[in-house]
Amino acid sequence: MTVFRNIVFIAALAGLVAGLAMTVMQYAGTVPLILKAETFETAESTHDHAAAPNAAATSQLHDHDEGWAPENGFERSAYTALANIVTAIGFALLLVAASEIAGGMTGWRQGIFWGLAGFAVFTLAPGVGLPPELPAMPAAELDQRQVWWIATAVATGIGLALLVFKQSLPLAILAVALIIVPHLVGAPKPDSFETPVPTVLAHDFVVMVFVISLVFWVVLGGTAGFLRSRVQHMG
């Protein structure tokens with residue numbers, strides 16, 4: 001029970017720190033790019049509405065677009081920060097629990113390595129096939145993308161674990177296969193790749209998301225490792 005309590009405590013604090021850090025980085029890096037992309041999405045939507053064959057079709061388009069969303073400003077910022085913190089705590093729980101199975105983090109340096117592993121599993125590997133998308137960019141069906149993303153993350157996680165913790169040639173070969181196979185199968189693709197979003201803007205967004213995610217995972221792992229070592233010394 002004490003170990004479980006420590007895992008939750010470490011994950012909560014590390015997730016809070018990393019989630020807030022991610023929120024700041026997003027508002028400095030990705031939010032401006034998203035706002036630019038939304039102007040292209042709005043322009044395309046306006047064009048579609050103008051081309052609607054009758055008033056009923058136009059009304060249906062408006063009804064489809066309407067829905068609750070937080071107001072711009074403090075409300076939107078607060079919901080973004082809350083979502084990031086909750087997500088970060090969830091990832092921290094997975095990271096800390098996995099590290100405890102392997103013996104536990106001995107400090108912030110080892111925590112950073114665990115964070116880099118988390119980046120590889122949850123961002124780098126899935127992002128190779130399903131790069132981050134801006135508004136108005138084409139995408140495959142959501143359920144297909146989710147299945148491929150989860151399968152890729154799981155396969156990559158198992159593959160890295162086999163490579164690091166099992167010193168065996170057959171298992172190493174299996175590990176490499178697990179990491180490669182999802183990309184050989186290929187991520188689901190949209191029916192069309194047409195988009196009003198400029199290629200340069202989409203490229204900048206992908207790079208920024210990967211950089212922010214890398215920093216996020218380093219902060220998450222480093223903080224978790226530091227807290228774990230403090231808790232261990234106190235115990």
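The model is predicted, so local features need pLDDT of at least 70 and side-chain atom pairs count only at pLDDT 80 or more, while totals for chains, interfaces and linings use all residues. Residues are numbered from 1 along each chain as its sequence is written, and side-chain values use heavy atoms, with hydrogens and water left out. Helices are DSSP runs (H or I, at least four residues) numbered from the N terminus.

**Packing of α1 and α8**

- Helix α1 spans residues 2-28 and helix α8 residues 199-234; the two pack at an angle of about 150°, with axes 9 Å apart.
- Axes here are lines fitted to C-alpha atoms over the stretch in contact, and angles run from 0 to 180 degrees between N-to-C directions.
- α1 and α8 are therefore roughly antiparallel to each other (an angle over 145 degrees).
- The crossing of α1 and α8 is right-handed, meaning that the near helix is turned clockwise from the far one by less than a right angle.
- Contacts (heavy atoms within 4.5 Å) involve residues including F9, L13 and M22 in α1, and I212, F216 and R228 among those in α8.
- By class, the contact of α1 with α8 has 16 nonpolar, five polar and one charged residues; Ala, Val, Leu, Ile, Met, Phe, Trp, Tyr, Cys and Pro count as nonpolar, Asp, Glu, Lys and Arg as charged, and the others, Gly among them, as polar.

**Aromatic pairs**

- Rings of Phe, Tyr and Trp (its six-membered ring) pair if their centres lie within 6.5 Å; planes under 30 degrees apart count as stacked, over 60 as edge-to-face and the rest as tilted.
- By this rule the count comes to seven aromatic pairs.
- F91 and F122 have ring centres 4.9 Å apart and planes at 50°, so this pair is tilted.
- Because F91 lies in helix α4 (residues 74-101) and F122 in helix α5, the pair ties together parts that are 31 residues apart in sequence.
- F122 and W217 have ring centres 5.6 Å apart and planes at 5°, so this pair is stacked.
- With F122 in helix α5 and W217 in helix α8, the pair ties together parts 95 residues apart in sequence.
- Ring pairs link F91, F122, W149, F216 and W217 into a cluster.

**Accessibility**

- W217 is buried at a relative accessible area of 2%, and F122 is partly exposed at 23%.
- F113, in helix α5 (residues 108-129), counts as exposed at 60% relative accessibility.
- Buried means under 20% relative accessible area, exposed over 50% and partly exposed in between (1.4 Å probe, protein chains only).
- The C-alpha atoms of F113 and W217 are separated by 9.4 Å, and these residues are 104 residues apart along the chain.

Conventions
Angles under 35 degrees count as roughly parallel, over 145 as roughly antiparallel, 65 to 115 as roughly perpendicular and the rest as oblique.
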